[in-house]
Amino acid sequence: MLDSALEILRLQSTGEASAVDVTEKVFESIESSESSINAFTHVDRDLALATAEAIDKKRRAGEPLGPLAGVPVAAKDVLCTKDMPTTCSSNMLRHFRPPYDATVIEKLRQADAVIVGKTNMDEFAMGASTETSAFGVTRNPWDTSRTPGGSSGGAAACVAAGNVPLSLGSDTGGSIRQPSGFCGVTGLKPTYGRVSRYGLVAFASSLDQIGPIGWSVPDVALLLQAISGFEPRDSTSLDREVPDYTSALQTSDLRGLRIGVLRDALEADGIDDQVRAAVHDAMQVFKSAGAELVDVNLPHSEYWVPTYYVIAPSEASSNLSRYDGAHYGHRATELDPDQVEQLGPLHATYCKSRGEGFGAEVKRRIMVGTYALSEGYADQYYNQALKARRLIKGDYDTAFTQADLLLGPVSPTPAFPLGEKVDDPIQMYLCDLFTVGANLAGIPAISLPAGLNSEGLPLAIQLQAPALQEARLLFAGAAYQTTTDHHQQRPNL
Amino acid sequence: MSIDGYPTETIIGLEVHVQLKTNTKLFCGCSTRFGAPANTQVCPVCLGLPGALPVMNEGAIDLAIRAGLALDCSIPPLTKWDRKQYFYPDLPKGYQISQFDLPICADGFIEIDNPDSPDQSRRIDILRAHLEEDAGKSMHDEATGRSESRIDLNRCGTPLLEIVSQPDMRSSTEAKLYLTELKLRMTHLGISDCEMQEGSLRVDANVNLHIDVDGKKIATPIVEIKNMNSFRAVERAIDYEIDRQYDEWEETGKTIHDMPKRTFGWDDSKERTFKQREKEESADYRYFPDPDLLPIRLPVERIEQARDGLGEMPAAIRTRLQGQYGIKPYDANVIVNQGRELIDYYEVVANNSGDGKRSSSWIQQDVLRTMNDLQCPVGDFPISAEKLGELLKRVSSGSLDNTRARDVFAHLLENDCTVEEAIEALGIVSVDGNELESLCQELLQSNPAVVEDYKGGKKQAIGSLIGQAKKKNPNANPQQVRETLLRIIDSI
């Protein structure tokens, strides 16, 4: 079991451990857990050790070191890395190696982090269980018969399994927060535009955001600090100063903070009793820390999931058009003669390549999105969803006049058994019931471990904040973790 | 107009793509230079690699605003980017970033001369002009016998402005006039090179006929003609299509209601249009706002600043040249239509020579012809405007005749020297009065027959003596020789 990122930094600064020692431990840990968890699509021990050695050398030479010097980090396999494959857990990109690094990967390298590998995910980040991966399912370290959640299932599981202290996930409709909740770790989705998306393989461009996953709030703050900031290569990144996320986290005093409780969410159909109870417990924790609790409603929350499941597939259908077998990625070698006859060789190649390269869920979303954008249907679906999105944003604006943070559940249930929902898309989509709002509104949100249920499965709470108020989330999250020890519980592997 | 039967009216609308003269592409930093080896001017963004994101080139926005103002368009305060989706190998993202419902320019017009009535003008309305990225180039190698295609993505992402006219043109001549004026404005303002051969200006023509059958108007199916690589080809393609559509209608009776718009290509060598696609289906491009790019706000100040920077437009220059240099509308037209560089060249020549008419005729004949022979642009023309002005000043003052001036012109083309030096090198000296007098005397004495002929009324007989004088002394000024000869004959 690996230490926290802050502890690793301390050990290296005092000379108690080297970056190489830490990296060796990472790969011992991966070796022992990977066969049961399958959190990674790719690991590279030699590459990681070479990076660690270089960092140790710099330290010995007294050269300046980055803020994540020698800290092992795993990256979701949706982030482009020039020295490792970037597959999106899809057969389409099984052998794809980008010629460039994503901005966040560049930033990790600049911060002297040690990138140990790429983590498993739902194919093209479409799913809530990591079961749609072309590289096999990832299992929940707390109960390997259950899902770690998704789509950043590997990224959450590898932290929960103690392989690495930190990982990067991406969150389009809850893909950092839900798996973090299922795996009992801390995950933060930043404000849309806070972190550059350059090099994040697009699922739904207006919703995607990269964020950190770690055991605790201070670790997550450390990684968020390293990856945040304006970047000219992403037109949607925000040209706003990045505050110091890592300071003022040693507090349990929340006096003056108004926490809005999302009553409707707590009373929603299908929400698990123990999930609800965890939120009620958290209310008491915040109250005793001095926060003021107020009831808040987001009136259009019943439209969140339908709105999301029009906008996200619409954008996805466009973003995934580039995988046509012509330039890179999977290309069918044997064409269907009937298709060649009907469509000509070019379109037959497209059909067969895409037919073979994409899995069922990806195809489903491409078809839904194509339909929603089609002439004659766009007004009914896509344009209607854009209008609903504006109303949803408006709800948040109103809510944040009444409260500084919003408190609610992350998911309706704890981690569910593998196979339970994979053939029932609607049930799977309902996993996103409480998370997609933040994506539609572009605001930051954090998932915090909130204890274990009667079956020993992690429970979680979610805090949401106004745009660019990540520091507020971290502050409240740190206070919660100062007075609780939920985040210190570890699975028995 | 009538084609051996019912009277017809031709309806033409043009879609013109001009490549904007930016150094870099519309959404990345790759060069837009023409003619580089295939796939060398590419990056993750224009290759559409996973994870790459577009970043708008502000320079292209400025050029588009300039173009819009030059076409009398309105520029909206808010414009945006949309994705136009279709699959093709030269479109690596599977969508083209374009503009759908909020184009950067709308509702403009161009005035052209009315071909049927030279004193009047015709207004051709412009529906819209929008920005978009170019696709790559597909090269289908049918010669090898294999169905092999090669893709060059250098051009992919190059900024284009698509200028869509209303179907306001009524003949191929009007189409050509519209294109000429459009090109002039684009090149004049440095918006585009408009080289059809290099693809920096592309024209698609939508053509159909309104046939008047006993007072009832019948519209033929619309055809979009592509692949025309010169204005001449546009004219010929439209004319061909007019005949073809009439024949087709006579043969099949099919009207606009019986057939969707079809796409035809123009075969320049066979001088005919041909159907490009067998199956025509109306494409659904599923436009939607590109979530990777922000909407563009264009404050009034930015547009007004662009308007102030436009300077004098071609129509105003035509009028000014006529007034300032005393040249005819036709000559002003020829000069202005050659573009800004030639206008500047002309003005320097005219100012230095003090003779606007002579400058105009020399430039239209000698300069343009030589430029054409040398295939060189004005900027590279070997004789500077100052030099030519000095040369023509000597012609106007009578110290140099036209023939000798052409010799000097030819010498200046070949040698880097001053007009003075050229005159010296050619041994041109002015012939003094006595010398000329004795030369003429001598010629008249040895050609009595010419004198007789002249006196008998054959005035043109004197020409042969002028020719002989030039042979004997190349420096002799023909005008002065003539005057001297006549004076002597009259005194005999």
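In this predicted model, the contact between the two chains draws on 32 residues of chain A and 25 residues of chain B. On the chain A side, the elements that put in two or more residues are α10 (304-319), α11 (337-357) and α12 (360-373). Of these, α10(A) gives the most, with 3 residues. Sorted by class, the face of chain A that touches chain B comes out at 14 nonpolar, 11 polar and 7 charged residues.

Staying with chain A, the next thing to look at is its sheet. Here 11 strands make up an open sheet with mixed pairing, and the order runs β1-β3-β2-β4-β6-β5-β10-β11-β9-β7-β8. The edges belong to β1 (40-43) and β8 (292-296) of chain A; each has a single partner strand, so one side of each is left without a neighbour in the sheet. Going from one strand to the next, the twist averages 30°. As background, strands in a sheet pair through backbone hydrogen bonds, in either the parallel or the antiparallel sense. One pairing in chain A can be followed in detail: β9 (residues 405-409) and β11 (residues 458-464) run antiparallel and are joined by 4 bridges. Within that pair, A:P409 sits opposite A:I461 of β11(A).

Most peptide bonds are trans, and most residues other than glycine have a negative phi. The bond joining A:G150 and A:S151, however, is cis, with omega at about 5°. A:S151 belongs to the loop between β3 (114-119) and α5 (153-160) of chain A. That loop between β3 and α5 of chain A also holds A:A125. A:A125 is not a glycine, yet its phi is positive, at about 70°.

Turning to chain B, the chain splits into domain 1 (8-297), domain 2 (312-425) and domain 3 (433-491). The C-alpha centres of domains 1 and 2 of chain B are 36 Å apart. Where these two domains meet, 6 residues of domain 1 of chain B are in contact with 5 residues of domain 2 of chain B. Helix α2 (residues 172-188) of chain B does most of the work on the domain 1 side, giving 5 residues. By class, that side of domain 1 of chain B has 2 nonpolar, 3 polar and 1 charged residues.

Strand β10 (residues 201-213) of chain B runs antiparallel to β12 (residues 223-228) of chain B, and 4 bridges join the two. In this pair, B:V203 faces B:M228 of β12(B). β12(B) also pairs with β13 (residues 262-267) of chain B, this time in the parallel sense and again over 4 bridges. There, B:V223 has B:R262 of β13(B) as its bridge partner.

The crossing of α12(B) and α15(B) is right-handed. From α12(B), the residues involved are B:L436, B:E437, B:C440, B:Q441 and B:L444, and they meet B:Q480, B:V481, B:T484, B:L485, B:I488 and B:I489 of α15(B). By class, this contact of α12(B) with α15(B) has 7 nonpolar, 3 polar and 1 charged residues.

Note on methods: Residues are numbered from 1 along each chain as its sequence is written. Chains are lettered from A and ligands numbered from 1 in the order in which they are written. This is a predicted model: local features need pLDDT of at least 70, side-chain atom pairs count only at pLDDT 80 or more; totals for chains, interfaces and linings use all residues. A crossing is left-handed if the near helix is turned anticlockwise from the far one by less than a right angle, and right-handed if clockwise. Two residues are in contact if their C-beta atoms, placed from the backbone, lie within 7 Å. Ala, Val, Leu, Ile, Met, Phe, Trp, Tyr, Cys and Pro count as nonpolar, Asp, Glu, Lys and Arg as charged, and the others, Gly among them, as polar. Two strands pair if DSSP finds at least two bridges between them. Axes are lines fitted to C-alpha atoms, for helices over the stretch in contact, and angles run from 0 to 180 degrees between N-to-C directions. Domain bounds come from an automatic or database domain assignment.
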